[in-house]
Amino acid sequence: MKPRILWTLLIVAGLLMVIQLVRPLKQNPSINPRIELSAVHPVNPEVSGVLQRSCNDCHASGVYRGPDGVRRWCREWGSYTPDRSQKLLREICTEVKEGEMPGAAYKLMHPSAKLSPADVQSVCRWTQTASSSPVTIGGEE
Ligand code: HEC
């Protein structure tokens with residue numbers, strides 16, 4: 001690895017750690033089980049594994065946050081309008097297909113969060129099923 005790349009990676013990792021220190025997060029974000037993603041769209045074990053391993057730290061528990069915060073869609077799915085929900089499902093597939101999510105710095109710190117091609121396939125198959133099947137419970141309009 002070229003030293004410059006190594007430095008960049010180190011600096012990014014360092015910055016992330018500083019962000020963690022400067023912005024302590026609520027440990028127990030309030031959870032309404034009725035609007036959890038899994039309450040709205042059935043999630044099969046493979047996909048639920050991927051979400052847990054690779055997405056939940058940010059999109060559910062909010063352990064990590066970007067500068068503008070992270071949408072905790074795993075927790076608030078049921079409050080979305082059908083349009084928004086469809087759009088998000090499409091985005092989830094795109095993000096994982098392009099390897100954009102989880103972010104590079106996160107993968108560096110959590111190598112097990114990397115998605116295998118099989119993971120990507122399960123996620124995209126699931127987003128397709130989810131977007132064409134009716135919602136299990138209504139969100140809170
Ligand atoms: C290290 C934290 C982190 C992890 C892990 C992570 N994301 Fe994200 N994600 C973000 C941030 C930050 C954004 C941009 C801010 C925002 O809009 O929420 C984002 C945005 C997105 C978006 C765009 C829509 C949106 O919410 O704005 C999608 C879709 C997404 N992530 C999917 C995923 C999926 C799927 C995974 C797991 C495979 C994942 N992310 C893992 C931090 C993360």
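Helix 7 is among the elements that cover the buried residues of helix 5. Here helices are DSSP runs of H or I with at least four residues, strands are runs of E with at least two, and both are numbered from the N terminus. A residue is termed buried if 20 or more other C-beta atoms lie within 10 Å of its own, exposed if 12 or fewer, and partly exposed in between, with C-beta atoms placed from the backbone. The structure is a predicted model, in which local features need pLDDT of at least 70 and side-chain atom pairs count only at pLDDT 80 or more, whereas totals for chains, interfaces and linings use all residues. Residues are numbered from 1 along each chain as its sequence is written.

The mean pLDDT of the chain (the predictor's confidence in each residue, from 0 to 100) is 82, and 79% of the residues reach 70 or more. Among the elements of the chain, the highest mean pLDDT, 95, belongs to helix 7, and the lowest, 76, to helix 1 (residues 3–22). The secondary structure consists of seven helices and zero strands, giving the pattern α-α-α-α-α-α-α along the sequence. Of the 141 residues, 20% count as buried. Two residues are taken to be in contact if their C-beta atoms, placed from the backbone, lie within 7 Å. Of the contacts with a separation of 6 or more, 72% are between residues 24 or more positions apart.

The expected span is 1.5 Å times one less than the number of residues. Ser85, Leu89, Ile92 and Val96 are the buried positions named in helix 5. Viewed down the helix axis, these residues fall within an arc of 60°, and they therefore line one face of helix 5. The arc is that of the directions from the helix axis to the C-beta atoms. After helix 5 comes Gly99, with a positive phi near 70°. The loop between helix 5 and helix 6 contains Pro102, which is joined to Met101 by a cis peptide bond with omega of about -10°. In general, most residues other than glycine have a negative phi, and most peptide bonds are trans.

Helix 7 (117–132) likewise has 16 residues, and its first and last C-alpha atoms are 23 Å apart, close to the expected 22 Å. Its buried residues are Val123, Trp126, Thr127 and Ala130. These cover an arc of only 100° around the axis, which puts them on the same side of helix 7. The face turned away from this buried side carries the exposed residues Pro117, Ala118 and Ser132. Helix 3 and helix 5 are among the elements covering the buried residues of helix 7. Trp126 is in contact with Asn44 and Val47, neighbours within four places in sequence being left aside. Gln121 also lies in helix 7 and counts as partly exposed because it has 14 C-beta neighbours inside 10 Å. The C-alpha atoms of Gln121 and Val47 are 9.6 Å apart, although 74 residues separate them in sequence. Gln128, another residue of helix 7, is partly exposed, with 13 other C-beta atoms within 10 Å. Gln128 and Cys93 are 35 residues apart in sequence and 8.6 Å apart from C-alpha to C-alpha.

Helix 3 (residues 45–59) spans only 18 Å between its end C-alpha atoms, whereas a straight helix of 15 residues would span 21 Å. A bend of about 50° occurs in helix 3 at Arg53, the bend being the angle between axes fitted to the seven residues ending at a position and the seven starting there. Val47, Val50, Ser54, Cys55, Cys58 and His59 are buried in helix 3, and their cover includes helix 4 (73–76) and helix 7. The C-alpha atom of Arg53 lies 8.6 Å from that of Lys114, 61 residues away in sequence. Lys114 belongs to the loop between helix 6 (104–109) and helix 7, and is partly exposed, with 14 C-beta neighbours inside 10 Å.

The largest nonpolar core comprises 10 residues: Val47, Val50, Leu89, Ile92, Val96, Met101, Leu115, Val123, Trp126 and Ala130. Helix 3, helix 5 and helix 7 are the elements that give two or more residues to this core. A nonpolar core is defined as a set of buried Ala, Val, Leu, Ile, Met, Phe, Trp, Tyr and Cys residues joined through C-beta atoms within 7 Å.
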